[in-house]
Amino acid sequence: QVQLAESGGGSVQAGGSVSLSCAASEYGASRACMGWFRQIPGKEREAVATIFTGGGSAYYGDFVKGRFTISIDNTTRTVTLQMKSLEPEDTAMYYCAARLPAQYNGMCRSWDRFDIFGQGTQVTVSS
C-alpha cells in the first residue's frame, strides 16, 4: 500500500505564498498520477492540481487561475505544490493524493479516480 507523507502548510497572510510537499513510499511497478486536493469546511473535497509521473501537462482546478504550480521529482517520488497570491478562500485542509497505476497523462484529469490520500496538512490564509 502506497504511503503519502505530506509536509508544509501553516498560516500565511493574504497575498503570501506556501509550498506543500508530498513524498510517496513507492509508485509500484508502473507510472502514477499524483496530486493535491483540498477540503474547505462544509464543502466537498476538490482537486487542486494533478500531474503524471510520466510527464506532460498538469491539470488545475478552475479556481487556481495561474496562482499555483505543481511539480514532481521522480527520483525522490516527491510532488510539490507551490501556492502564491493566496486568498482567505484558500483556507482548507490540503491532501496529497495518488492514483496508480496510470498508463497515460489524461488519466490524471479523472479526479474522481484518485483513491489514495495522505492525512492532510492545514493551510490558513488570514486577511
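Here is a short chat about aromatic rings, charges over rings and one valine in this predicted model.

Visitor: How many aromatic pairs does the structure hold?
Guide: Let's go through them. Phe37 and Phe114 have ring centres 5.3 Å apart, and Phe37 and Phe117 have theirs 5.5 Å apart. The structure's count of aromatic pairs is 2.

Visitor: Is the pair of Phe37 and Phe117 stacked or edge-to-face?
Guide: Look at the angle between the ring planes, which is 80°. Planes over 60 degrees apart count as edge-to-face. So Phe37 and Phe117 are edge-to-face.

Visitor: And what about the planes of Phe37 and Phe114, how is that pair classed?
Guide: Here the planes sit at 55°. Stacked needs under 30 degrees and edge-to-face over 60. That makes the pair of Phe37 and Phe114 tilted.

Visitor: How many residues apart in sequence are the parts that Phe37 and Phe117 tie together?
Guide: Phe37 lies in strand β4, while Phe117 lies in strand β10. The pair therefore ties together parts whose separation in sequence is 80 residues.

Visitor: Is Phe117 buried or partly exposed?
Guide: Buried means under 20% relative accessible area. Phe117 has 27% relative accessibility, so it counts as partly exposed.

Visitor: Which ring does the charged end of Arg109 sit over?
Guide: There's an arginine over a ring elsewhere too: Arg38 lies over the face of Phe63. For Arg109, the charged end is 4.1 Å from the ring centre, and the ring belongs to Trp111.

Visitor: Where is Val12, and is Val12 buried or exposed?
Guide: Val12 is in strand β2. Its contacts include Leu86 and Val125. With a relative accessible area of 15%, Val12 is buried.

Technical notes: Residues are numbered from 1 along each chain as its sequence is written. This is a predicted model: local features need pLDDT of at least 70, side-chain atom pairs count only at pLDDT 80 or more; totals for chains, interfaces and linings use all residues. Side-chain values use heavy atoms; hydrogens and water are left out. Helices (H or I, at least four residues) and strands (E, at least two) are DSSP runs, numbered from the N terminus. Buried means under 20% relative accessible area, exposed over 50%, partly exposed in between (1.4 Å probe, protein chains only). Contact means heavy atoms within 4.5 Å. Rings of Phe, Tyr and Trp (its six-membered ring) pair if their centres lie within 6.5 Å; planes under 30 degrees apart count as stacked, over 60 as edge-to-face and the rest as tilted. A charge sits over a ring if NZ of Lys or CZ of Arg is within 6 Å of the ring centre and within 35 degrees of the ring normal. Lists of a residue's contacts leave out its neighbours within four places in sequence.
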